[in-house]
Amino acid sequence: MVTEFLKKGFHVTLGATTSVVESLQDSQKREENISQLNLGFDQLSQIWADKGEITETEARKMIDSMATQYGVNANPMSSGSSTAPSATSPSIDPSLQQELKTLTNQLANIRLELTQMGNQDDT
């Protein structure tokens with residue numbers, strides 16, 4: 001039960017963050033997201049949770065795709081060895097690499113905070 005609560009909290013946070021980013025990038029999405037603020041908290045949190053699940057799934061697919069493209073084993077639990085990228089593989093844009101690293105750190109921090117909040121609730 002606590003795990004489900006933490007997972008939903010993670011998805012709500014991720015969905016809300018995605019909505020903010022969309023609002024900053026697209027004026028049409030901004031208007032849509034602002035109009036959603038009139039909804040009740042339960043509806044809004046469900047919208048954000050759904051959006052967070054989709055965002056998480058898309059991010060996992062993108063990372064798996066990039067890992068496959070560069071010959072890296074994206075799933076450490078799977079059997080087989082990972083191979084290093086060959087010299088002919090294209091290089092990753094440094095700004096994209098830094099942005100991915102920053103987003104990964106932010107997600108790790110959010111997950112840690114949610115876990116800590118869940119641990120406090122269990123006491």
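The chain has four helices and zero strands. Read along the sequence, the pattern is α-α-α-α. Helices here are DSSP runs of H or I with at least four residues, strands are E runs of at least two, and numbering starts at the N terminus. This is a predicted model, in which local features need pLDDT of at least 70, side-chain atom pairs count only at pLDDT 80 or more, and totals for chains, interfaces and linings use all residues. Residues are numbered from 1 along each chain as its sequence is written, and side-chain values use heavy atoms, with hydrogens and water left out.

Take the chain as a whole. It has 123 residues, and 21% of them count as buried. Buried means under 20% relative accessible area, exposed means over 50%, and partly exposed lies in between (1.4 Å probe, protein chains only). The accessible surface comes to about 9200 Å², with 57% of it belonging to carbon and sulfur atoms. These areas come from the Shrake-Rupley method with a 1.4 Å probe; for residues, only the protein chains shown count as cover. Contacts (heavy atoms within 4.5 Å) reach along the sequence. Of those with a separation of 6 or more, 59% join residues 24 or more positions apart.

Start with helix α1. It has 24 residues and reaches 34 Å from its first C-alpha to its last, close to the 34 Å expected at 1.5 Å a residue. The expected span is 1.5 Å times one less than the number of residues. Buried residues of α1 include Leu6, Phe10, Val12, Leu14 and Ala16.

Leu14 deserves a stop. This residue is found in α1. Leu14 counts as buried because its relative accessibility is 10%. Which residues does Leu14 touch, leaving aside its neighbours within four places in sequence? The contacts are Gly52, Thr55, Glu56 and Leu107. The C-alpha atoms of Leu14 and Thr55 are separated by 7.4 Å, although the two residues are 41 apart along the chain.

Thr55 leads on to helix α3. Thr55 is among the buried residues of α3, as are Leu44, Trp48, Gly52 and Glu56. After α3 comes Gly71, whose phi is positive, near 70°.

Helix α4 spans residues 94-122 and holds Met117. Is Met117 buried, partly exposed or exposed? Met117 counts as partly exposed because its relative accessibility is 44%.

Now the pockets. A 1 Å grid is laid over the protein atoms alone; a pocket is an open set of points with protein on both sides within 12 Å along at least five of seven lines, and lining residues have an atom within 4 Å of a point. Grid points are joined across faces, edges and corners, and a volume is the space filled by probe spheres set on the points.

The largest pocket holds about 1000 Å³ of space. Of its 27 lining residues, the closest to the centre are Leu14, Thr55, Ala59, Leu103 and Leu107. Helices α1, α3 and α4 each supply at least two lining residues. The largest share, 10 residues, comes from α4. The lining divides into 14 nonpolar, six polar and seven charged residues. Here Ala, Val, Leu, Ile, Met, Phe, Trp, Tyr, Cys and Pro count as nonpolar, Asp, Glu, Lys and Arg as charged, and the others, Gly among them, as polar.

The second largest pocket holds about 160 Å³. Its lining includes Leu6, Phe10, Glu56, Arg60 and Arg111. The elements giving two or more residues to this lining are α1, α3 and α4. Here α1 gives the most, with five residues. The lining divides into three nonpolar, three polar and four charged residues.

Note on methods. 1 Å grid on protein atoms, 1.4 Å probe; cavity = no way out; pocket = protein on both sides within 12 Å on 5 of 7 lines; lining within 4 Å.
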